[in-house]
Amino acid sequence: MDKVAAQRLVRETLQSSFNKERFVSLIKNLLNHVEEAPFTYKGQYIFADFRDSINLVERIGKYKGPDEKLFDILVIHLKKETTLERARTKQRNFVAKYLKGSRGGVLKDAALVAFVAPDGEHWRFSFIKMEYKFNEKGKVKEEFTSPAATPF
């Protein structure tokens with residue numbers, strides 16, 4: 001893809017209402033190789049403590065970086081318009097739980113996520129990364145990226 005087409009794709013994707021096909025195209029052009037591995041979770045398959053705010057989770061695919069880090073590409077459909085702005089920490093915590101192997105037992109290092117409001121007009125693109133550090137007592141401490149991303 002040439003530079004002008006790439007700029008247009010980024011602009012059209014990020015400055016418009018959510019469009020799954022454009023989002024997938026952006027991700028596939030952003031990353032070297034995305035393994036298509038779609039699945040959908042809804043209803044009872046959403047973690048119980050998040051069912052009040054998350055309607056549907058779609059995995060678009062998986063990515064393995066040159067450093068062997070594992071990423072999932074997700075689209076998370078929210079139940080309320082206000083959830084997009086007011087529940088960033090809860091959304092990040094949902095993805096953190098997902099990344100810790102709760103789905104299939106495989107730990108993931110990060111996720112590229114489109115959080116989509118019910119109207120589809122408003123959405124947020126987030127990168128959520130898990131980091132594990134040892135504290136002075138030798139216990140593992142989990143750290144996540146900040147939930148302070150700006151919605152589109």
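**Exercise 1. Work out how the side chains of Lys20 and Glu58 meet, and where each residue sits.**

Step 1. Look at the charged ends: Lys20 and Glu58 form a salt bridge, 2.5 Å from N to O. The term means a side-chain nitrogen of Lys or Arg within 4 Å of a carboxyl oxygen of Asp or Glu. In general, side chains of opposite charge can pair when their charged atoms come close.

Step 2. Lys20 belongs to helix α2 (residues 20-30) and Glu58 to strand β2 (residues 54-64), so the pair links distant parts of the chain, 38 residues apart. Helices (H or I, at least four residues) and strands (E, at least two) are DSSP runs, numbered from the N terminus.

Step 3. Check the cover. Lys20 is partly exposed at 33% relative accessible area, whereas Glu58 is buried at 12%. Buried means under 20%, exposed over 50%, and partly exposed in between, with a 1.4 Å probe and protein chains only.

A word on the model: it is predicted, so local features need pLDDT of at least 70 and side-chain atom pairs count only at pLDDT 80 or more, while totals for chains, interfaces and linings use all residues. Residues are numbered from 1 along each chain as its sequence is written, and side-chain values use heavy atoms, with hydrogens and water left out.

**Exercise 2. Find what Lys97 pairs with, then survey the other salt bridges.**

Step 1. Lys97 pairs with Asp49, their closest N and O atoms being 3.3 Å apart. This pair, too, links distant parts of the chain: Lys97 is in helix α4 (residues 88-102) and Asp49 in the loop between β1 (34-42) and β2, 48 residues apart.

Step 2. Lys97 is partly exposed at 30%, and Asp49 is partly exposed at 44%.

Step 3. Now widen the search. Lys64 bridges to Glu68, with 3.0 Å between the closest N and O atoms.

**Exercise 3. Describe the surroundings of Ser53.**

Step 1. Ser53 lies in the loop between β1 and β2.

Step 2. Its relative accessible area is 8%, so Ser53 counts as buried.

Step 3. Leaving aside neighbours within four places in sequence, Ser53 is in contact (heavy atoms within 4.5 Å) with Leu78, Lys79, Thr83 and Lys90.

**Exercise 4. Sketch the whole chain.**

Step 1. Of the 152 residues in the chain, 40% are buried.
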